[in-house]
Amino acid sequence: MKEIAIDELSIGVCLSKDIYNDLGNIILAQGTEISSRHLEYFRNHGIQYVYVDEDFISKPEEKGVRLQASSKYRELNSNYAAVLQHFKGLYFQVQNKDFKLDIKEMEDDIKPLVDTLLSDNDILGSMRLLSFHESYHFTHAVNVSMLGAMLGKWLGLNRQMIYSIALAGLLHDIGKTQIPEEILLKKGRLSFPELEMVRSHAKLGYDLLKDNPAIPRDVLAAILFHHERSDGSGYPSGLKEEQTPYLARIISVVDVFDAITSDRFYKQKVSSFKAFNIIKDESFRGLDPQISDVFMSNIASYFINNRVKLSDGRVGEVVYVNKFALNRPLIRVGEQFIDLSSDYSLDIEEVLPPQH
Ligand SMILES: [Fe+2]
């Protein structure tokens, strides 16, 4: 990472540190590729120096950067596919009650995925491009694993702990293998006994794995307690926040986020911005507010420069995310700026994939 004067900055290099305004809000996120519009913005706003990746300074041609980005994406894609396949195999074996979970083998697949993830500045951009037509059971497990690892990084945890979060994310719902598919896939409202059965997955997952000495104890605890809520309304034990293990609280936040932003069979997926509202409500109800704050503010900063579709059908670009209203950023549509934090007549319907 190197501090560089704006006048020496080339188009196509990537920021290695977020840029904040005087109010402490992120105006450009780490990983943003500098365009001529950004240079103009820096000059107009008196920003004289920014931090960029040194790797990019020696080869700032836009082509080189793009090549590097696409090989990073290929690496991510193949690492994601390896973990997905491994997990899928395990899921069926557990379902048939004929399994021997080799944690070392699973970690050997997870570690390269986590390492790619942690070295990438625009991982969410790459993640949005990943498209595996697989059952929700499988993609949700890998997504929770990846999002959990990222959140671990943002919380400043060490690499070993991040690997544990990734493993817990992958295995957190393994108890669902023991619940009949017709209940898991049921579209209508669940009866009380059915709901109880679905809720038993946390304990079932714990019971399946507890005798395996290779599984770290904090991973087991995260599997058992990932549906606890700080007000005591969760399950299986109704633990309060301070009683719930830290890893379980991390998994809860990313589990809720992925569940509501995934395209599930029984409801339409919601945009990440709408998910912020739901998580905010949930944090009143019991997600750890400190952990969910770190998660949401980091996720939000990734959306700066992203194209979004508004509820009136217009397409715009996120130019600014206010940390006090993460779900309602400033949008530029053509020459017009729409501040969603004060204009409640519009919503973000969808975050669109980047244009290449
Ligand atoms: Fe769960």
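Which helix does Leu90 lie in? Leu90 lies in helix α3, made of residues 62-95. The model described in this report is predicted.

## Leu90 and its surroundings

Leu90 has 21 C-beta neighbours inside 10 Å and therefore counts as buried, the threshold being 20 or more. Leaving aside residues up to four places away in sequence, Leu90 touches Phe99 and Leu101. Met106 is 16 residues from Leu90 along the chain, and the C-alpha atoms of Leu90 and Met106 are 9.7 Å apart.

The loop between α3 and α4 contains Lys97. Phi of Lys97 is near 55°, which is a positive value in a residue other than glycine. Is Lys97 buried or exposed? Lys97 has 9 other C-beta atoms within 10 Å, so Lys97 is exposed; the limit for that class is 12 or fewer.

## Helices α4 and α6

Two packed helices are described by the angle between their axes and the distance between the axes. Helix α4 covers residues 103-119 and helix α6 covers residues 136-154. Their axes are 10 Å apart, and the helices pack at an angle of about 50°. This angle makes α4 oblique to α6. The crossing of α4 and α6 is right-handed.

Which residues make the contact? From α4 come Ile110, Leu113, Val114, Leu117 and Leu118. From α6 come Ser145, Met146, Ala149, Met150 and Lys153. By class, the residues of the contact of α4 with α6 are 8 nonpolar, 1 polar and 1 charged. An α-helix has 3.6 residues a turn, so residues three or four places apart point the same way.

Helix α11 is formed by residues 217-225. Its buried residues are Val219, Ala222, Ile223, Leu224 and Phe225. What do the buried residues of α11 pack against? They pack against α7 (159-171), α10 (201-209) and α12.

The loop between α11 and α12 holds Pro236. The peptide bond from Tyr235 to Pro236 is cis, and its omega is near 10°.

## Helices α12 and α14

Helix α12 spans residues 246-261, and helix α14 spans residues 289-302. The axes of α12 and α14 come within 10 Å and cross at roughly 45°. The two helices are therefore oblique to each other. Their crossing is right-handed.

On the α12 side, the residues that meet α14 are Arg249, Ile250 and Val253. On the α14 side are Ile291, Ser292 and Phe295. The contact of α12 with α14 divides into 4 nonpolar, 1 polar and 1 charged residues.

Asn305 is in the loop between α14 and β5, a strand of residues 307-310. Phi of Asn305 is near 80°, a positive value in a residue other than glycine. How many other C-beta atoms lie within 10 Å of Asn305? The count is 18, so Asn305 is partly exposed.

Strands of a sheet pair through backbone hydrogen bonds, either parallel or antiparallel. In this model, 5 strands form an open sheet, with the order β8-β7-β6-β5-β9 and antiparallel pairing. Which strands are at the edges? The edge strands are β8 and β9, with β9 covering 348-351, and each pairs on one side only. On average, neighbouring strands of this sheet are turned by 40° against each other, direction ignored.

Strand β7 consists of residues 330-333 and strand β8 of residues 336-339. The two run antiparallel and are joined by 4 bridges. Val333 stands opposite Gln336 in β8. The hairpin of β7 and β8 has 2 residues between the strands. In this hairpin, Gly334 takes a positive phi near 60°.

Methods:
Residues numbered from 1 in each chain as written. Predicted model: local features only at pLDDT ≥ 70, side-chain atom pairs only at ≥ 80, totals over all residues. Axes fitted to C-alpha atoms, helices over the stretch in contact; angles between N-to-C directions. Parallel < 35°, antiparallel > 145°, perpendicular 65-115°, else oblique. Left-handed = near helix turned anticlockwise from the far one by under 90°. Contact = placed C-beta atoms within 7 Å. Nonpolar A, V, L, I, M, F, W, Y, C, P; charged D, E, K, R; others polar. Pairing = 2+ DSSP bridges.
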